Every structure is written in structure tokens, then in C-alpha cells.
Amino acid sequence: MITVGAYAKINLYLDIEAKRTDGYHDILSVMQTVSLCDEIKIERTECGIEVKNEINIEKERDLAYRAAAAFFAAAGVRGGARIEIKKHIPMGAGLAGGSADAAAVLRGLNEIYLSPLSEDKLLGIALTLGSDVPFCTVGGTKAIRGRGEKIADMPKMPDCPIVIAIGDDHVSTPEQFSALDREFNDFLEYKPQSDRIEAISEAFSAGNANIGDDLYNIFEITARYSPEIKNIMKKNGACGTLMSGSGSSVFGIFRTDGDAESAANELKSLGYRAFLCHPTEI
Ligand code: C5P
């Protein structure tokens, strides 16, 4: 049996290049995995796929189950798997929790079955499961384009405390994309702020995680998130705050663990869920 971490992602930059004819959008993003993670135990069995999850979700909609089924369909190995997921990443929050679980199942099964699938093949399967799953399969600091499948290396984000917080809002990603389509006339004349990717890259190369001025998420224009979370983070010394993905979680980048802890504690005292974490590779 092995235990794999399914790491949450945050978007340090998220913008849109174009609306596509297949209903998706070509995005531009800088994604980062953080140490907030679900724990996934995977055991090799004789046959069949069994997924034990704390959430009540039918097999067909469970990305972890679908990832395992896709792995066995592609890998041509005999056997099965028992998968147990302990959730910590809030769901429907813009943190790619379900995608991270699917990616960890793909990586974990490939490991216990002694790598029948190449990384390219794994990434191809990942994209059939969801747009964020390819990034979650590789993790780290990456520049992302296309639906989410074009992944380029970036200088690693220097270590720093990050607080992620969320209220009660559950967000529907397709609805948020539609809201942006209405706001920006289907992106026919829109120009993304792509120079921010270079600015973030330069800061990270110089060992600087303080990228407050270059953080940007187009979804903040239409999505709902709590401005109070941002205010509390800033009051406690955050050098930058941003909503992640299509929301509604908000993260803050801090200079010291002490400031980050104060922010997390104040947020929790007000009823928010708050997590102190760090950038991580997977
Ligand atoms: O790929 P995934 O299943 O995560 O996408 C959920 C929905 O989000 C899609 O059906 C689409 O409406 C929207 N989406 C998009 N462009 C992307 C990713 C997602 O329009 N690059």
C-alpha cells in the first residue's frame, strides 16, 4: 500500500486568451501547488476498483474513481485497487480538490503498477478527466495555457507562508465562465495581461515571493468572494491577496509565519475556514 498527497492548487495569475468553439476557454495562468492536501491510500488488489471517500458521490461523478477506471483501461495491467481518500481541501472552492485527487490516483496507480504509462500518456488521460488534472499531475510552479494541457516550467516559487480561507460559498465553474463571457462579449476583442507571467517569473528567479502587484484573477470581476477575508489578511501583513480559480477561496501571501498565523486565527474566530500552508512540489 502507498500513501500519496493530493495537493491543492492556487492560481497566482489567471486570465483568458479566447473563448473556443468547443465550449471551453483558452486560459493563461500561473498555477502553484501548496502543502494543503488530501491524503490518498492506494492498495493493489486482485480486481475491481473500490473508492472509500468521506463525501457521498456516485461512482460516475467521482473523479478519483474515474481516474482509476481510466488508468486500468489504458495501462493493460491485470489487477484492481482499493483507494481511501481523507479530504482536507475544501470542495468547489477554486483549489482543484477533485482534480488533485484524480491526479494523485493516476500517479499512485502508475507507481504501484510499476509505471506502465509514460508521463505523456498520464497527462493525456488527465485531460480527459478535467482541465486542471494535467497540472495537478505534475504540480510545482507552472505557466499554463490552452484548456490547461499546455504546461511550461517556471522558476520555483520561493518558500513563504500562504493562508487560504473560504466562507460558505460553493461556486459553479461553468457559470463563472459564462458570467465572464457576458461581461467581455465572448472575449472577441479582449487582450489578456500576459506580461504578468514574465514579472512573476522574474520575481521568483530573484528569490522573491512578494508578487502582490502581479497577482491577478479575471474571475474576481464577476465571481463572489469575501472582501472581508482580503481585508483581514492585509491587516495582518499579507503582501498580496487573490481569489483562486473561479472562487470563492481567497489566498494571501505572507512574509512571516507569525503574520500568517495571526491572519488564520482571526479568520477562524470569525467563522471562516482557514489553512496555513506553503508552496510545494509534488
Ligand atoms: O474541464 P472541466 O471539467 O474542469 O471544466 C468544467 C467547465 O468549466 C467546462 O465545462 C467549461 O464550461 C469550463 N471551462 C472552460 N475553459 C477551461 C476550463 C473549464 O470554459 N479552460
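Predicted model: local features only at pLDDT ≥ 70, side-chain atom pairs only at ≥ 80, totals over all residues.
I began with Ser131: an N or O atom in the side chain of Ser131 lies 2.6 Å from an oxygen atom of the ligand. I count that as a polar contact, a pair of N or O atoms within 3.5 Å. Residues are numbered from 1 along each chain as its sequence is written, and side-chain values use heavy atoms, with hydrogens and water left out.

Next I looked up His25, where a side-chain N or O atom is 2.7 Å from an oxygen atom of the ligand. At Arg147 I found a polar backbone atom 3.2 Å from a nitrogen atom of the ligand. How much of the ligand does the protein bury? I noted 72% of the 450 Å² that the ligand exposes when taken alone (areas by the Shrake-Rupley method with a 1.4 Å probe).

Then I listed the shell around the ligand, which includes Gly23, Tyr24, Ile27 and Phe177 (a residue is near if one of its heavy atoms lies within 4 Å). I sorted the shell into 4 nonpolar, 5 polar and 1 charged, with Gly counted as polar and Arg as charged. Helix α5 gives the largest share, 3 residues (a helix is a DSSP run of H or I, at least four residues).

Last, I turned to the rings and found 8 aromatic pairs (centres within 6.5 Å). Phe72 and Tyr113 pair edge-to-face, at 5.5 Å centre to centre and 85° between the planes; edge-to-face needs over 60 degrees.

Note on methods: Polar contact = N/O pair within 3.5 Å; in protein donor to acceptor, adjacent residues only side chain to side chain. Helix = DSSP H or I, 4+ residues; strand = E, 2+ residues; numbered from the N terminus. Phe/Tyr/Trp six-rings, centres within 6.5 Å; stacked < 30°, edge-to-face > 60°.
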